[in-house]
Structure formats: structure tokens, C-alpha cells
Amino acid sequence: MFGRFAPTPSSDFHIGNLRTALVAWLAARSSGRGFLVRIEDLDLARLPDADAIIGRQVGDLADLGLVHDQPVVRQSERTELYERSLSRIQDLVYECFCSRKDVAQATRAPHGTTPRYPGTCRDLSPAEKRHLRQSRQPCLRINAASAMAPITDLARGQYVGEVDDFVVRRADGVFAYNFAVVVDDAHQNVDQVVRGDDLLESSPRQAWLAAQLGLRVPVYLHVPLVLAPDGTRLAKRDQTVSLTRLRQAGISTQDVLSHLACSLSLAEESELVDLNTLVERFDPQRLPRQPWLTDPLSWAPHGTAQSRNKYE
């Protein structure tokens, strides 16, 4: 069985991506699993530089020593597999003609919660569908009937979430992430999934869908995010925190690994560590539960900025 890291090739990794990749690799290796890299490039039309970016992403992982055990797989090459899987649950999907704006206006979710699709198109008549098809191309949603689905998180224990009628294939024919990732994990024998904790609410969707397809439900590990010192989220487009930019600032790959290990409570501050040592120390339940606030450029050996790494 395998763990995996599955990035999107939209731009170079920032330090948060590398931290999640490190946890995924350590979780796999410490539990006797293999480790896979899968590229989430379903929407190639919006990823014009994907090939070059994938090369740099795979290179960054190799530089950190995060070796994968099988060739890198790209979702864009697996459409036939998704088509076959979708055919197995045709009785659960329905056409939806709602735009994103329609969904946003219909849900009016309370502050701080994820909007849930209210089922606007679930019970359309054949005549209503024919009329709507004249002006709109439908996506496909799955009828989850507000199911509640549990997942097992290696750090948090059991988490139960509601499953809404999420999209499985977009109106332009591109398969949705929440569908493709479930099929891919099962097809690649992935039974351990490490993700950022901002994706915790979507994990019950994937577990529920796996069960509908008769597939193994993986165990999960959700890792707190890396944030800028002001508490804002990092973005891949923010090249000031990419591995290349850190090297240019005089911060070695060894220094990056040590800072990442320290942030995960796997090393003391300024301790030089190697991956074998981190595998021996790794324990999901010892991982921090709060975001890591850091300015990676302050790690430079001769920088004037003092370290602002802290937990809040």
C-alpha cells in the first residue's frame, strides 16, 4: 500500500507545499508504505506551463530527499479510467444547470462555513432539463441525500461531516477533483492520504464516494497550514517562499529541512537532521495542531530580519 503527495502544477511549491510533502513522505515511510507522486493536472487548459512546473516540483522533492517509488502519474492521462468509474454510479448522478453565482445566492451559508449545494436541480422534470439545455451545458452532481460520512484522521481521530451534492464532472467535461482523486487513490493502492487541514471538510465527501464505488476508504492526516507572519495564507504564486528563492537567499536545502522538522515538533531549533532520523521520530499524534507562522527569508544566515517563527 502507499501514501502519496498530489500537487497541482499551477506554479512552484511554496514552503507550505513542501511541509505537507514532507509529512506525507514521513507518514508513508514510518508506516511501512511506499510513496507516490501524482500530478493533479485535470484542467490543462488553465495550466499552460504545466510541463515545466512539474519538472521543478519533482526536482524540489528530490532535493529534499523525498524519493517516490513509482513513476509520476498525471491525472490528465487518466480520463478513460474516470469515465469507466462514472459509469458505475450513473443512478446516483444528475444534471445540474446552476452557475457558481446561482449556488452562492441559493446557499447563503453562515459565516465561516462551507456552502452546501441545496439540490436546486435534483428533481427537474425531463421537460425542464430539455428547456435548460437550450441555453446551458450541465455539469453532473452526485445525489448524496445529505449523507453523513466518517473519516479516520491519524491525529484527530474520527471526524464526521455532511456530504452535499458535489460536482463530479464539470459542464466543460473536465472531471472534478473530488471524483478523480477517489478513483486515483483506489487505482494506485493509496490507503493513506495527507492533506492540508483546510481540506478537512471535503474529506468525508471523498470517503463517502469511495464507499459508493465499492472502493477502500483511506485513513487521513490533515496538517495545519503554513501562514505568513501576519496570519495570511501563502500562495503558490508568492515566489518569495519557493525553494529556488530560498536558495538564492543563501538558505540551504538542509536548513529548509531542519526548519520544517522543527515546525513539526520533530527536531530542536537549529538541529541538523536527516530523513532517517525524522522517520524514527515521526508520530502523527505529536504533530502541532495550530498553523505555523513564519517568514522563510528570515532563515538566511546573514539576514537582518529576526526569526518570526511561532505558533499561535
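Visitor: Let's start with strand β4. Which residues point one way and which the other?

Guide: V93 and E95 point one way from β4 (residues 93-96), and Y94 and C96 point the other way. All four are buried. Buried means under 20% relative accessible area, exposed means over 50%, and partly exposed lies in between, with a 1.4 Å probe and protein chains only.

Visitor: Where does this model come from, and how are things counted?

Guide: This is a predicted model, where local features need pLDDT of at least 70 and side-chain atom pairs count only at pLDDT 80 or more, while totals for chains, interfaces and linings use all residues. Residues are numbered from 1 along each chain as its sequence is written, and side-chain values use heavy atoms, with hydrogens and water left out.

Visitor: And what counts as a strand or a helix?

Guide: Both are DSSP runs, numbered from the N terminus: helices are H or I with at least four residues, strands are E with at least two.

Visitor: Which strand pairs with β4?

Guide: Strand β5 (residues 139-142) does, in the antiparallel sense, over four bridges. Two strands pair if DSSP finds at least two bridges between them. In β5, I142 is the bridge partner of V93.

Visitor: Now β1. Parallel or antiparallel to β2?

Guide: Parallel, with four bridges joining β1 to β2 (residues 34-39). F5 has V37 in β2 as its bridge partner.

Visitor: Which other pairing does β1 make, with β9 in mind?

Guide: β1 and β9 (residues 190-196) pair in the parallel sense over three bridges. There, the partner of R4 is V193 in β9.

Visitor: How do the side chains of β1 (residues 2-5) point?

Guide: F2 and R4 go one way, G3 and F5 the other. All of them are buried.

Visitor: What do β1, α1 and β2 make together?

Guide: β1, helix α1 (residues 15-30) and β2 make a right-handed β-α-β unit. Right-handed means that, with the strands pointing away from the viewer, the path from the first strand over the helix to the second runs clockwise.

Visitor: What about the largest nonpolar core? How many residues?

Guide: It has 44 residues, and I15 and V256 have the most contacts inside it. The elements that give it two or more residues are α1, β2, α2 (50-63), β10 (219-223), α8 (243-248), α9 (253-263) and α10 (275-281). The largest share, 10 residues, comes from α1. A nonpolar core is a set of buried Ala, Val, Leu, Ile, Met, Phe, Trp, Tyr and Cys residues joined through side-chain atoms within 4.5 Å.

Visitor: Which residues of α9 are buried?

Guide: T253, V256, L257, S258, L260, A261 and S263 are buried in α9.

Visitor: What comes just after α9?

Guide: S265, with a positive phi of about 65°, although S265 is not a glycine. Most residues other than glycine have a negative phi. S265 sits in the loop between α9 and α10 and counts as partly exposed, at 33% relative accessibility.

Visitor: And S270? Buried or exposed?

Guide: Exposed, with a relative accessible area of 68%. S270 is in the loop between α9 and α10. S270 also has a positive phi, about 70°, and is not a glycine.

Visitor: Change of topic: S85. Where is it, and what is its place in space relative to L213?

Guide: S85 is in helix α3 (residues 79-87). S85 is buried, with a relative accessible area of 7%. S85 and L213 are 128 residues apart in sequence and 7.6 Å apart in space, C-alpha to C-alpha.

Visitor: What volume does the largest cavity have, and what lines it?

Guide: About 70 Å³. The lining includes V181, D185, Q206 and Y220. Helix α6 (177-187) and helix α7 (203-212) each give two or more residues to the lining. The largest share, four residues, comes from α6.

Note on methods:
On a 1 Å grid over the protein atoms alone, a cavity is a set of points where a 1.4 Å probe fits but cannot get out, and a pocket is an open set with protein on both sides within 12 Å along at least five of seven lines; lining residues have an atom within 4 Å of a point. Grid points are joined across faces, edges and corners, and a volume is the space filled by probe spheres set on the points.
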